[in-house]
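This briefing sets out the computed features of one structure, grouped by topic. Please read it alongside the sequence and the coordinates shown below.

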Amino acid sequence: MPEEPYNPLPIGNPSVLARTNWWQTLLVKFIGKHTPKCREMVRILSRSMDEPMPLMMRIKKRLHFLICCWCQRYEEQLRYIRETARKLPEHADEASGAEFPADVRERIKQKLAENVR
Amino acid sequence: MNDGQVASRWVDDHGECLYRYALVRVRKPEIVEDLVQETFLAAVRGYEKFAGRSSERSWLVGILKNKIVDHFRKLGRETSFTDMEFLSDEFSEKFVPVGFWNHDLGPHEWKPEPDTVMHRAEFWQVMRDCLSKLPEKIRAVFTMREMDGVSSKEICATLSISDSNLWVMLHRARMALRECLEMHWFDTPAGGAS
């Protein structure tokens with residue numbers, strides 16, 4: 001069976017619009033045809049983390065999210081990753097199990113002592 | 001306390017934290033040692049500029065971040081910083097041929113709430129492991145952008161890479177890190193999966 005050229009599978013699809021009746025099917029087809037496919041959308045979402053998304057693309061993204069909860073999750077998760085990455089320095093002790101070797105500690109102290117004299 | 005004693009106390013109080021932080025960013029211990037040492041030296045020299053607006057540790061981490069960026073800048077001058085090999089197929093199995101997500105392989109819902117997760121030491125270890133799986137150049141670009149908040153323009157200028165290469169590298173890093181966190185944390189009982 002040829003694949004549907006728009007977001008398929010109403011079963012197990014938690015998106016807002018999931019082709020559960022005829023009007024949803026019409027809307028899903030329309031949105032699927034006029035917004036970027038998910039593979040492209042994830043690239044656009046990533047880029048929008050680094051530069052503002054043009055207005056028209058923001059509208060397309062919102063429409064796309066109606067038929068695709070996965071892209072919506074993807075965007076939320078990118079923001080979440082940024083939020084956690086920014087907090088990593090505060091949690092460096094927990095993040096790394098590496099020991100601060102005693103010899104390194106002493107070498108640094110020695111170098112500092114030489115330089116502040 | 002004289003300057004020497006202050007510096008020695010810094011090494012005792014913050015050395016471990018700085019060392020571990022740098023090790024997440026730069027995997028080579030000998031380079032990490034140099035970076036931490038340079039950080040303390042710069043701190044001693046610029047101590048009068050430290051107005052106490054932030055904690056001593058935040059101030060030292062700030063200096064270390066700059067040292068790390070300088071390290072990558074130097075690396076960027078010596079070797080090409082573009083790494084397009086990594087994940088060149090961008091997880092193509094996750095999408096059906098027409099380009100939509102394969103529903104079974106698309107992003108799962110992440111629970112619990114982020115704030116709860118951030119208080120778990122195990123989470124930060126998973127984060128570190130996932131970061132360490134990224135190739136060095138991709139990781140450097142990702143951490144500069146996402147951990148240090150350096151602007152895209154500045155990264156391109158620092159590492160001499162084009163805008164489009166930066167976006168591709170960041171996209172691949174984010175995709176790989178998201179996948180890794182999902183697999184090793186959010187889909188496990190520790191991460192809240194039932």
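With 22 other C-beta atoms within 10 Å, Ala7(B) counts as buried, because the threshold is 20 or more. The model under discussion is a predicted one.

**Surroundings of Ala7(B)**

- Ala7(B) belongs to helix 1 of chain B, which covers residues 3-25.
- When neighbours within four places in sequence are left aside, Ala7(B) is in contact with residues of both chains: Leu112(A) and Val116(A) from chain A, and Phe40(B) and Val44(B) from chain B.
- Ala43(B) lies 36 residues from Ala7(B) in sequence, and their C-alpha atoms are 8.4 Å apart in space.

**Chain A**

- Chain A contains 6 helices and 0 strands, and its elements, read from the N terminus, follow the order α-α-α-α-α-α.
- Chain A has 117 residues, of which 33% count as buried.
- Of the contacts in chain A between residues at least 6 apart in sequence, 65% join residues at least 24 apart.

**Contact between chain A and chain B**

- Chain A and chain B each bring 49 residues to the contact.
- On the side of chain A that touches chain B, at least two residues come from each of helix 2 (38-47), helix 4 (69-87), helix 5 (92-95) and helix 6 (102-116) of chain A.
- Helix 4 of chain A gives the most to this side, namely 13 residues.
- Sorted by class, the side of chain A that touches chain B comprises 21 nonpolar, 18 charged and 10 polar residues.

**Nonpolar core**

- The largest nonpolar core has 73 residues, and those that touch the most other members are Cys71(A), Leu18(B), Ala22(B), Met127(B), Val141(B) and Ala173(B).
- This core lies between domain 1 (3-78) and domain 2 (92-191) of chain B, because both domains give residues to it.
- Leu18(B), one of the core residues named above, touches Val36(B), Thr39(B), Leu60(B), Val61(B) and Leu64(B), with residues up to four places away in sequence not counted.
- As general background, nonpolar side chains tend to be buried together in soluble globular proteins.

**Domains of chain B**

- The domain assignment divides chain B into domain 1 (3-78) and domain 2 (92-191).
- A distance of 26 Å separates the C-alpha centres of domain 1 and domain 2 of chain B.
- In chain B, 8 residues of domain 1 are in contact with 11 residues of domain 2.
- Helix 1 and helix 3 (56-78) of chain B each supply at least two residues of the side of domain 1 that touches domain 2.
- Helix 3 of chain B provides the largest share of that side, with 5 residues.
- By class, the side of domain 1 of chain B that touches domain 2 of chain B holds 4 charged, 3 nonpolar and 1 polar residues.

**Helix 6 of chain B**

- Helix 6 of chain B (residues 136-147) is largely enclosed by the rest of the structure, because 11 of its 12 residues are buried.
- The buried residues of helix 6 of chain B include Val141(B), Phe142(B) and Met144(B), and also the charged residues Lys137(B), Arg139(B), Arg145(B) and Glu146(B).
- Val141(B) is also among the residues that touch the most other members of the largest nonpolar core.
- Gly149(B), which follows helix 6 of chain B, has a positive phi, near 70 degrees.

How values were computed:
Residues numbered from 1 in each chain as written. Chains lettered and ligands numbered in written order. Predicted model: local features only at pLDDT ≥ 70, side-chain atom pairs only at ≥ 80, totals over all residues. Helix = DSSP H or I, 4+ residues; strand = E, 2+ residues; numbered from the N terminus. Contact = placed C-beta atoms within 7 Å. Core = buried A, V, L, I, M, F, W, Y, C linked by C-beta atoms within 7 Å. Domains from an automatic or database assignment.
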